[in-house]
Amino acid sequence: MIKVSNLLSSAIGLIGGRTMGWKPFDKKTQNTRGEFVNQYFACVKIYGSWQPVSAAQKAQMGMKVSDVIQKLYVSANVKGIDRLNSPDIIIDGSTEYEVIAVQDWYGQNGWKEVLCCRKT
């Protein structure tokens, strides 16, 4: 496989990006009521670019048009939903987003397209 330069860095240089927080999932623990709750590693600053998801794309994915769904392009190794793990959290200002899907180009090109849903 041929490894090329990080295309995301070049693109963000042209379209712009911003700094946000990323809380990688650590593990599930049991609270005092016996419920399993997610534990996360400390929040890390990452730099990326948000892009909109159209109503047509949301409908095609089986989501409600009213859901706040965005794509995030980032060079961090963000992880989504996995069989045994919960998804990572992205924090932009005071808004938290849960990662719902990842298009992984990290190994080939050092970036990921991360589909995020705003937490209510």
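Residues are numbered from 1 along each chain as its sequence is written. In this predicted model, local features need pLDDT of at least 70, side-chain atom pairs count only at pLDDT 80 or more, and totals for chains, interfaces and linings use all residues, while side-chain values use heavy atoms, without hydrogens and water.

**View 1. Salt bridge of Arg33 with Glu35.** A salt bridge is a side-chain nitrogen of Lys or Arg within 4 Å of a carboxyl oxygen of Asp or Glu; the count by this rule is four. Between Arg33 and Glu35 the closest N and O atoms are 3.0 Å apart. Arg33 is exposed, at 67% relative accessible area, and Glu35 is partly exposed, at 38% (buried means under 20% relative accessible area, exposed over 50%, partly exposed in between; 1.4 Å probe, protein chains only).

**View 2. Salt bridge of Lys119 with Glu96.** The closest N and O atoms of this pair lie 3.5 Å apart. Glu96 belongs to strand S7 (residues 95–105) and Lys119 to the segment after strand S8 (111–118), so the pair ties together parts that are 23 residues apart in sequence. Strands (E, at least two residues) are DSSP runs, numbered from the N terminus. Lys119 is partly exposed, with 38% relative accessibility, and Glu96 is partly exposed, with a relative accessible area of 28%.

**View 3. Salt bridge of Lys112 with Asp104.** Here the closest N and O atoms are 3.7 Å apart. Lys112 is buried, with a relative accessible area of 3%, whereas Asp104 is partly exposed, at 42% relative accessibility.

How values were computed: Helix = DSSP H or I, 4+ residues; strand = E, 2+ residues; numbered from the N terminus.
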